[in-house]
Amino acid sequence: MYLNCHTYYSMRYGTFSMPALCKLAKTNGISKVALTDINNTSGCLPFLKIAHEFDIQPAVGIDFRNGAEQQYVGIAKNNNGFRQLNEFLSARLHAKSKFEPQSPFLNDCYFIYPFEKIIQMGKIDFSENEFIGISIESLRKLKLSPYRSFHEKLVLLQTLSFRGKKDFNAHRLLRCIDNNTLLSKLPISEQGSPNHHPISASLLENEFLEFPHILKNTERLMRNCSVNFNFGKNRTNQNLQVAGKNKEEDVETLKTLCFKNLSKRYLNASEEIQKRVERELESIIGLGFVSYFLINLDIVRYAKSRNFPFIGRGSGANSIVAYIIGITNVDPIELDLYFERFINPERNSPPDFDIDFSWKDRDEITAYIFKKYEHTALIAAYVTFQKRAVIRELGKVFGLPKAEIDKLSSGYFRKEKIDEMGKLVLKYSYLIEGLPNYLSVHSSGIMIANTSVYDFAGTFLPPKGFPTIQIDMHAAEDVGIFKFDILSQRGLSKITDAIEIIKKNQPEAKIADIDDVAKFKTDPKINDLLKAGDCMGVFYVESPAMKGLLTKLQTDNYLGLVAASSIIRPGVSSSGMKDEYIKRHRFKKSKPEEFPQNYKGIHPVLYEIMPETYGIMVYQEDVLKVAHFFGGLTLGEADLLRRGMSGKKLPQGAMETIEKKFWENCLKKGHSEKLIEEIWYQISSFAGYAFPKGHSASYAVESYQSLYLKCYFPLEFMVAVLNNGGGFYRPETYIRELKRCGGKVRPPCINKSDHPTVIEGKEVFLGFGYLKELESKTIRRILENRQFFGAFKSLDDFIDRVPISLEQLTILLRIGAFRFTGLDKHHLLWKATFKLGNSKPKSDQALLFQAQHKDFVLPKFDFSLLTEIYDQFDLLGFSLHSHFKLLKNPLKPALSATDFSDYIGKNIQVYGELITLRKTRTSQNQYMYFGNFYDVNGNFFNTVHFPMVAKKYPIHAKGVFLCYGKLVNEFGHFSLIIDKIMREEISGDPRLEMVYK
């Protein structure tokens, strides 16, 4: 019997998995095992699930420790005891307090103190549930101890932490990482004993021959422990089952909402729509998912009450009920979305709603959920040790110099040149790699359970303060807890912020209802932006690759954008079908009367099933269509097939049954084996990467909202983009876009700027937040003083009103924040030095009398644009000026991107300022690049660097490059195939020249 076992969920202590624990026990003839990880119950549910596969009677509990010091081991008698242990553990973890030497009284738990702890405490009074743990090591001491007479209280406590010496060594390294110490300095008290390895049942019996009652007591204790859950196909839905008063009321509420709101979504609902609503309601009610819908609706309603924007997506977008009641804004009828992709009788898990909120609003939404629903927790994620990180950590543990650690972690070294210490680092990195390192929080998952979250695991408290359960989404789903996905993104706050900025900057402007997406979809000006790929700052469609695709497709409508959002993803793109889709799309657009009969390569069967996508599988729903119409599967079976091919867990034998039925049905329909095999291959190669059409449609709605703002209010929209962290590009790229749209971008100004960027008319003032070294307290003082006492009149006025150090004031002066004075910054820097050079910052106390300021006669200073640019690089991290201003030598004759249409197929040269460079691997596992540049006039152009060129002319930093190559045209999208690319020399920093002079 093993009563104190640690797996790798004893973070930075244990070294092996739950299956490995079961195998160890089985090998050593042990049939009763208690998993008791240190201050953690992450492994308990998986252990309970698999233990029976090894004919092991499982028990679960917790090894309560302060650091590495063991206090006692708690083992649950039953499910209630497991909950009690989790509650006790969580309370201490939340409070970050130590465990007291005396165990709590939990009536459905056993507590076992290690013998050494009992001696240390001098404990002689034991409750019914308390025991003394005896290991082989402590037997000698027991023989001479008065505790020998405590017959009924003695049990076996032989700790199991390591499989052998390698595990013990890895454990010591983990303890060093945890304690941030060298291996040579790791205290004995911070590590386990090398004797904590497996011991066979026969050896245990032999060691305890003199004390048979200890083994009998242990046997009795284990016999009384039974914690049970149902897993997998036998699981029960543990989510909150009732959203209102009772299930019957919930059903009526959902029905009423549907029929009340039907006319709002469909003015004249057809019989087909009404039948779809009835069919969906029947499935939702029959499968017991009513509360899931109502809870999601409640979350969305709260967001609406707070005017928080949101996007409802996930497979939930396939539901007309979700559309009608307002969880999503995607019309499944318009998009021909199958409900079975969302819910079907073959699926026993709740449907999937992903609800996106602004990054600014998500915490409040989360707080609302925790306040409204009693049994709530965030879901954890396990952060594992990654290879390079492990090597770095172990390098520090072994005391290697930084250069050696860098070499080992990079992977670029010859094994024969690595010394013994380096070889040890690499050896143990393989053992530790992949082990859980620490518990983090799932990016979006929240559980709302029907009973206490502590029925399933303990919780910890991450920095944001929401209790987080110690199991991940896979363990949660396995036991029947299905997460609610509450996500955040910056695209939504760009939209809401842009609207607020417009109202302030253009109070007379008429802003369309941002939810009137139907109007935006038919606006030719907005669709012209799509067609041209003019989407900088627009959610989901601003990357160079996406802009290029939109140009090639000449996308000018909503459905085209939905398709483009999926075509660019790996499933279609990597298979080569993206290019084929573009060809078919352009052929049909130019010769609709000849398509498809005169287009080679279209499979008539697939085209008949998917005419909208020209016979090409683009969406997950297309897998369902082909499996249903070609393979004769029900839509529920087709979705099960999709899930299986996507790597989802299915009941044992389910995939084999479906594949057999698919083939049988196809043969009955008269399809040839060759055709069946071809279609099956296409489904299987695509399904794993397929993107749901509902996701694309949801994203496309948000893209159209952003496109409306970019089309009619480009300056305000781009300011909102900057204030929300940008997107695909760096800030300087969005600043260039602001200028292209007619904005005049200024550095931070002491009288105009705020912490974020602001706009007045067409003048845009960068926010103080862009000044990397400017302290937040300085910004606060400036803004507060200006708000109460008005604009600053001069440098002297500023110094009198704002307590500031010379270092902080210098930052503001160097960036030109006092340019309103009409004096150049060099003049002002000297004045500031004279006035503040030997003084300390004043207090926040306002001056009763203003001191008379001395003025100084200073010489005239030379102004240099280069100095300005380098100052901006230092202070902002980028310059408001083009890199072309930095060039040392005059430009040679070269083309502009606007000339490209006259040089297709020819070799040209063009100067380009690098915007982005995307590195990717070819099918031969070689690297190549896709570049995006500005020409000298600020126009975009794209480059392709094939492997030979990428290797010969590597690009390591931004700058201006002279690009040589052949110009190609792909459906109106120009690319320069690079033959040679050379970085242009820039002028040196004139400030350094002044120092050396």
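**Figure 1. The loop around P596 in the predicted model.** P596 belongs to the loop that runs between α24 (577–590) and α25 (604–609). The peptide bond between F595 and P596 is cis, with an omega of about 5 degrees. As a general rule, most peptide bonds are trans, and most residues other than glycine have a negative phi.

Figure 2. Q554 is not a glycine, yet its phi is positive, at about 50 degrees. Is Q554 buried, partly exposed or exposed? With a relative accessible area of 25%, Q554 is partly exposed, because the buried class requires a value under 20% and the exposed class a value over 50%.

**Figure 3. The loop that holds R12.** R12 is found between strand β1 (2–5) and helix α1 (18–27), in the loop that separates them. R12 is a residue other than glycine, and its phi is positive, near 60 degrees.

Figure 4. Helix α11 covers residues 290–305, which makes 16 residues. From the first C-alpha to the last, α11 reaches 22 Å, close to the 22 Å expected at 1.5 Å a residue. How many residues of α11 are buried? Twelve of the 16 are buried, and α11 is thus mostly covered. The buried residues include V290, S291, Y292, F293, L294 and I295. Also among them are N296, L297, D298, I299, V300 and A303. In general, an α-helix has 3.6 residues a turn, so residues three or four places apart point the same way. Just after α11, N307 adopts a positive phi of about 60 degrees.

**Figure 5. The chain that surrounds these views.** The secondary structure of the chain consists of 39 helices and 23 strands. Along the principal axes, the C-alpha atoms fill a box of roughly 95 × 90 × 65 Å. Among contacts with a separation of 6 or more, 68% are made by residues 24 or more positions apart. The accessible surface comes to about 45,700 Å², and carbon and sulfur atoms account for 52% of this area. The chain carries 132 positive and 113 negative side chains, and the centres of the two sets lie 4 Å apart.

Methods:
Residues are numbered from 1 along each chain as its sequence is written. This is a predicted model: local features need pLDDT of at least 70, side-chain atom pairs count only at pLDDT 80 or more; totals for chains, interfaces and linings use all residues. Side-chain values use heavy atoms; hydrogens and water are left out. Helices (H or I, at least four residues) and strands (E, at least two) are DSSP runs, numbered from the N terminus. The expected span of a helix is 1.5 Å times one less than its number of residues. Buried means under 20% relative accessible area, exposed over 50%, partly exposed in between (1.4 Å probe, protein chains only). Contact means heavy atoms within 4.5 Å. Accessible areas come from the Shrake-Rupley method with a 1.4 Å probe; for residues, only the protein chains shown count as cover. Lys and Arg count as positive and Asp and Glu as negative; His and the chain ends are not counted. The place of a charge is taken as NZ of Lys, CZ of Arg, CG of Asp or CD of Glu.
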